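Visitor: Hi! I'm new to this one. Could you show it to me and walk me through it?
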Amino acid sequence: MPLAHALWLFAAAALGGAMNAIAGGGTLVTFPSLLALGADPRVANATSTVALWPGSLGSMWGYRRELQASEPWTFWLAVPSVLGGAAGAMLLLRTPSTTFAFLVPYLILFATFLFMINEPISRLLRERDTSRPPGRVGMAAVILFQTLVAVYGGYFGAGIGILMLSALSLLGIGDIHRMNGLKTLFATCINGTAAALFVYSRAVNWSQAALMIVASVLGGYLGARFARRLGARVVRSMVIAIGGTIAGVMLYKQLGG
């Protein structure tokens with residue numbers, strides 16, 4: 001791998017790891033960075049997933065107290081997270097590269113939209129007083145919703161956080177910190193399952209992934225301090241601008257511009 005390419009991927013993964021630690025949206029940096037180097041879209045998605053997943057383990061450890069305080073029934077959502085993540089990853093592996101390449105701009109736009117509405121929805125969720133446990137019908141609906149979120153997460157991954165926060169709110173969990181902890185746990189299950197299948201199917205470019213794993217872990221650990229100085233709002237605005245610009249350029253090229 002040329003040195004310039006290695007430096008490009010290292011910087012992108014470090015930035016993606018830092019963004020995931022502070023505001024989320026790391027995939028919107030690492031995935032397009034791999035595409036810019038000419039990677040096949042499916043391989044780029046698989047490599048990005050594998051590269052960023054180790055950082056989610058650190059985030060989950062950071063929420064260990066909130067997870068210990070969560071009701072035992074909430075952990076049942078880990079099961080559809082694993083199964084849905086596996087289904088989404090298998091769907092990606094069976095999608096022709098040309099089809100996935102066509103879908104990429106729309107997936108990035110959708111993920112950018114989810115990321116854009118994350119802050120106002122999170123603010124509304126914090127203001128809600130939700131202390132009642134879910135009924136059977138409500139729990140079944142949320143499990144189905146979580147399964148669909150996990151399928152999307154295994155297929156592409158970006159933007160699943162706000163969808164899971166909404167589902168947890170419907171379950172009557174009012175503490176935003178516990179919601180974030182559970183969201184991180186389920187995202188780790190989704191992406192971890194997808195990453196394992198990508199590795200098993202040899203869909204990962206390891207010369208790129210190995211470098212990006214190191215960078216994403218370092219970025220999540222060290223870059224968070226710098227990101228906090230910028231402020232979550234600034235980082236969030238940067239992610240939205242990056243995602244919107246990339247999707248716009250790709251759509252323009254796709255439509256024959």
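Guide: Happy to! Helices (H or I, at least four residues) and strands (E, at least two) are DSSP runs, numbered from the N terminus. Read along the sequence, the protein chain goes α-α-α-α-α-α-α-α-α-α-α. This is a predicted model, where local features need pLDDT of at least 70 and side-chain atom pairs count only at pLDDT 80 or more, while totals for chains, interfaces and linings use all residues. Residues are numbered from 1 along each chain as its sequence is written, and side-chain values use heavy atoms, with hydrogens and water left out.

Visitor: How many helices and strands are there in the protein chain?
Guide: The protein chain has 11 helices and zero strands.

Visitor: And what share of the residues is buried?
Guide: Of the 257 residues in the protein chain, 46% are buried. Buried means under 20% relative accessible area, exposed over 50%, and partly exposed in between (1.4 Å probe, protein chains only).

Visitor: Let's pick a helix. Which residues of α5 are buried?
Guide: They include Ala78, Pro80, Gly84, Gly88 and Leu92. Helix α5 covers residues 78–94.

Visitor: Changing topic: where is Gln208 found?
Guide: Gln208 is in helix α10, which runs over residues 206–230.

Visitor: Why does Gln208 count as buried?
Guide: Because its relative accessibility is 11%.

Visitor: What is Gln208 in contact with, leaving aside its neighbours within four places in sequence?
Guide: Gln208 is in contact with Met1, Leu9, Leu34 and Thr47. Contact means heavy atoms within 4.5 Å.

Visitor: What about contacts across the protein chain?
Guide: Among contacts with a separation of 6 or more, 83% are between residues 24 or more positions apart.

Technical notes:
The expected span of a helix is 1.5 Å times one less than its number of residues.
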